[in-house]
Amino acid sequence: MQNQNRKRTLVIIGAMWLAYLLLNSFSTGVGIKSIPYSEFLRLAREGNVSEVAVSDNVIQGKMFPEDATSDKAEVFQTVRVDGEISGVLEENGIEYTGKIQSDFLSNLLAWVFPVLLFVGIWYFLMKRFQQQQGGFMTLGKNKAKIYMENDVQVSFEDAAGVEEAKQELVEIIDFLKEPERFTRVGGQIPRGILLVGPPGTGKTLLAKAVAGESSVPFFSLSGSEFVEMFVGLGAARVRDLFKQAKESAPCIIFIDELDALGKARGFGTVGGHDEREQTLNQLLVELDGFDPNMGVILMAATNRPEILDPALLRPGRFDRQILVDRPDKQGRKAILEVHLKKVTAAESLDDGTIAGMTPGMEGAELANLVNEAALLSVRRNKAAVGMAEFEEAVERVVAGLEKKNRLINPKEKEIVAYHELGHAIVAMALPETDPVQKISIIPRGIAALGYTMQVPTEDRFLMRRTELLNKIATLLGGRAAEEVVFDDISTGAHNDLSRATDIARSMVKEYGMSRQLGQVYLAHDKQSRFLNPNTDSGGGDYSAMTAHLIDKEIRRIIDDQYQRALAILKSNRDILDQTAVTLMESEVIEGNQLNELSKAVFDRAKLGNEAERDGARQALAA
């Protein structure tokens, strides 16, 4: 739309300039021959002038040049020199008339039109500046995108996988449609609704769905749009926003990324009167000042609720918080059904299987997954999207883009093969670990030279101590395999070590799973619940001796699980060597080959566990 307006303005300015040139040329006498005054006198005396019009400064008339090939007269003009020329004209029988010369048109074209042209160009430039920066006339106006009743074409059917959140919002829709049901018994709808959850779970989509279901105007803007470099503008925009909303009631105001505006006052600032705090104060005043029964519902979304100002979250303001969490398997299946309607899917496609392959993915990631699979099917010239494309898309999203053209020397390829098989064999030998779906030594992403894909069979919300220890042992299996086979280690395990150390640290500091430290929570200054949930800032409220014990316990857990991984790989050395040859030849192991490997490792681990238990019984009996 802006491009069309820009083109239209340029066309108008060009047309005005062209018109100016044409009028100026006509006003200066296009087609009129200018001759010297002496030639005019000579032609008059020779009888070659038929008629003239005399003004104060100019003489204009018709003449017949001596060298003309036709009898057609030419129009001429000359600058008047003599004051009295009537005698010359009468002597030669030339008809003449007087002409009052007016300079109005020439003055208009020469002065007024350039001024108008300059004003037009200035207006065009200022208009563009206002569109980009807001302009001085709109500094105090809100920047909300306003969607009227028929503009919001989103319904709850488009927001799948968040059934609990939708049930909480149904009451809001009922109020906007039939407010008298609530006011009849004295009930009041919540003034503000805060949607909290990780990024990509559909908070903004849910807000639009509420507006679409209730068929009311929808004011949408971001929290950062209130804050400007000029003091007082944010507060003015808040006032203007609520004023427009009251005039359009019933309606919904939606503020995305509320944490940009509603951060706790005094947090990270030197003074207490900065622009952001004044804007927040005005928002708190507006929340207290409007009648909840007038039909203005304020909704906001954030993935950092822990940094919001407590005054925003008290009853009477944002008094209802709705968690929009990552979907479970059924929720992911419902989301996939929504996005699969937009692509041509194969009949054999099983969305339940895809949902099982994507644990922990949000709605935005699932939408991207479907799009990646569709692009892969186009690249392969297929008429429909099948399971093969989705499996490849999951690998692309999880591990990165496959790089078959990256050349790896044979020695590094051998190290990567043993490293990935170390992960896989340890995972297959330990109980209650996620099953291995694929082993690959094809480079992917930025730094991954290979990967072992483990896909959980179901969603998990709790993990026992044994499962965490098994996960650490599996992560250390790659480094252990390098030591067993090459009696040396490489830099390829840096990510495994980082993840294993994080799990061990959480076991000691957060989960109370250390016998030395007991059931004590030692983590301090946690980050957001939804952003980087497994990290903390480091220091805690404990002594230096406790910090030493924490480090000692983390090291003990890592060392114990590393020894477990070494023992498993040493007892399966023949399987490790045989499978490594196959993996280096084919670069990928999956399907029947993977099932045979898993069965061989599991059977040997089962026999080893039984032998270990029998030895323990014999020792106990003795």
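This is a predicted model: local features need pLDDT of at least 70, side-chain atom pairs count only at pLDDT 80 or more; totals for chains, interfaces and linings use all residues.

Guide: Let us begin with a sheet. Helices (H or I, at least four residues) and strands (E, at least two) are DSSP runs, numbered from the N terminus, and two strands pair if DSSP finds at least two bridges between them. Here an open sheet of 3 strands is arranged in the order β13-β12-β14, with antiparallel pairing.

Visitor: Which strands are the edge strands of this sheet?

Guide: The edge strands are β13 (451-454) and β14 (588-589), and each pairs on one side only. Strand β12 (residues 436-440) runs antiparallel to β14, joined by 2 bridges. Ile439 has Ile589 in β14 as its bridge partner.

Visitor: How many helices and strands does the protein chain have?

Guide: The protein chain has 22 helices and 14 strands. Of its 622 residues, 41% are buried, where buried means under 20% relative accessible area, exposed over 50%, and partly exposed in between (1.4 Å probe, protein chains only).

Visitor: Which way do the side chains of strand β3 point?

Guide: In strand β3 (residues 58-63) the side chains alternate. Strand β2 (residues 49-54) pairs with β3 in the antiparallel sense over 5 bridges, and Val54 stands opposite Ile59. Strand β4 (residues 74-79) also pairs with β3 in the antiparallel sense, over 6 bridges, with Val79 as the bridge partner of Val58.

Visitor: Where is Ser514 found, and is Ser514 buried or exposed?

Guide: Ser514 is found in the loop between α19 (494-509) and α20 (544-571). Ser514 counts as buried because its relative accessible area is 2%. A polar contact is a pair of N or O atoms within 3.5 Å; within protein, one must be able to donate a hydrogen and the other to accept it, and residues adjacent in sequence count only if both atoms are side-chain atoms. The side chain of Ser514 reaches the backbone nitrogen of Gln516 at 3.3 Å and that of Leu517 at 3.3 Å.

Visitor: Which residues does Ser514 touch, not counting residues up to four places away in sequence?

Guide: A contact means heavy atoms within 4.5 Å. By this rule Ser514 touches Met507, Val508 and Glu553. Thr546 lies in helix α20; leaving aside neighbours within four places in sequence, Thr546 is in contact with Leu517 and Leu522. The side chain of Thr546 also makes a polar contact with the side chain of Ser543 (3.1 Å).

Visitor: Why is Pro327 described as buried?

Guide: Pro327 is described as buried because its relative accessible area is 9%. Pro327 is found in the loop between β11 (320-323) and α12 (329-340). The C-alpha atoms of Pro327 and Glu362 are separated by 6.5 Å, although these residues are 35 residues apart along the chain. Beyond its neighbours within four places in sequence, Pro327 is in contact with residues including Gly161, Met361 and Glu362.

How values were computed:
Residues are numbered from 1 along each chain as its sequence is written. Side-chain values use heavy atoms; hydrogens and water are left out.
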